[in-house]
Amino acid sequence: PVATALVVLARWGISTRFAWVVCRDRFGRLILEGLEDERIDISAVRTETGERSQFAFICVEKGTGKRTIFWGRPENSSFPAADVPEGFLGNADALHLDGLFVEASQHLAKKAKERNIPVILDAGSLRPGMLELVRYTDHLIAAENFIGRFRPEASLTTRLKELRSMGPQVVTVTLGERGSVSLWEDIPCRFPALRVEARDTTGAGDVFHGAYIYGLLQDWSVPERIRWATVAAGLSCRSLGGRAGIPALEEVRERLSEPGPFRNSNETAD
């Protein structure tokens with residue numbers, strides 16, 4: 001998830017670096033070549049002996065663009081905190097995490113908090129260690145799967161407020177074609193989805209994260225960031241593949257300036 005968000009930022013002129021682990025196989029080479037082609041610094045990516053790098057097989061539903069992902073971690077691999085290069089954060093303006101290697105993620109999040117570097121967390125699912133990571137997060141953007149498993153008996157507003165009380169300044173849950181809901185003050189705000197004919201929703205959430213971070217780096221307001229991210233994510237659904245449809249900066253600006261680009265104008269949450 002983080003890799004595609006970094007591709008968004010790299011294509012939009014932001015310098016990025018990535019820490020991960022791959023195996024010495026064909027998939028590992030393809031992963032590294034893809035990141036290098038996008039001008040992402042991969043000096044902190046560790047290559048180790050293993051049978052298979054991270055691999056995903058994705059089925060896309062014709063007509064709706066909805067997808068099912070069959071995914072596996074790199075075999076015989078781990079990424080402990082000790083493997084994070086000492087100077088990885090360097091002069092970073094933001095740290096983006098997905099929590100897949102929880103020990104390294106928590107280590108970096110704590111370091112970032114000490115240096116007042118904003119931490120953005122892509123909470124795709126409620127995996128072990130994720131709630132502890134939330135405590136070191138400034139901007140939590142959660143998928144519907146995550147929010148559905150967190151206090152499912154409570155209302156959405158209650159869950160957002162509880163997550164925000166754990167530390168994040170802004171908590172957002174993305175809901176696909178139903179848009180998103182964000183809480184940064186006392187009242188949650190609903191943002192409608194972009195009007196678009198979706199061909200493949202793969203990577204849309206990752207694009208949303210990258211676009212949100214771009215807005216954060218521009219010092220935009222929360223509503224400006226979320227509307228920008230909503231447009232970028234929606235436009236990315238027009239092409240097959242998680243990165244093929246990433247829109248150019250100017251295209252996002254143009255679509256955002258069009259009259260009535262969103263599905264509806266109701267921005268209040270239930």
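The chain has a radius of gyration of 18 Å, taken over C-alpha atoms. The model is predicted: local features need pLDDT of at least 70, side-chain atom pairs count only at pLDDT 80 or more, and totals for chains, interfaces and linings use all residues. Residues are numbered from 1 along each chain as its sequence is written, and side-chain values use heavy atoms, without hydrogens and water.

The C-alpha atoms fill a box of roughly 50 × 40 × 35 Å along the principal axes. Buried residues (under 20% relative accessible area, with exposed over 50% and partly exposed in between; 1.4 Å probe, protein chains only) make up 48% of the chain.

The largest nonpolar core holds 77 residues. Such a core is a set of buried Ala, Val, Leu, Ile, Met, Phe, Trp, Tyr and Cys residues joined through side-chain atoms within 4.5 Å. Trp12, Phe18, Ile40, Phe88, Leu95 and Leu163 touch the most other members. Helix 8 (residues 222-236) gives the largest share, 8 residues. Helices (H or I, at least four residues) and strands (E, at least two) are DSSP runs, numbered from the N terminus. Phe88 has contacts (heavy atoms within 4.5 Å) with Arg17, Phe18, Ala19, Ala44, Leu95 and Leu108, leaving out residues up to four places away in sequence.

Val60 lies in strand 3. Val60 counts as partly exposed because its relative accessibility is 33%.

Notes: The radius of gyration is taken over C-alpha atoms; the globule rule is 2.2 Å times the number of residues to the power 0.38.
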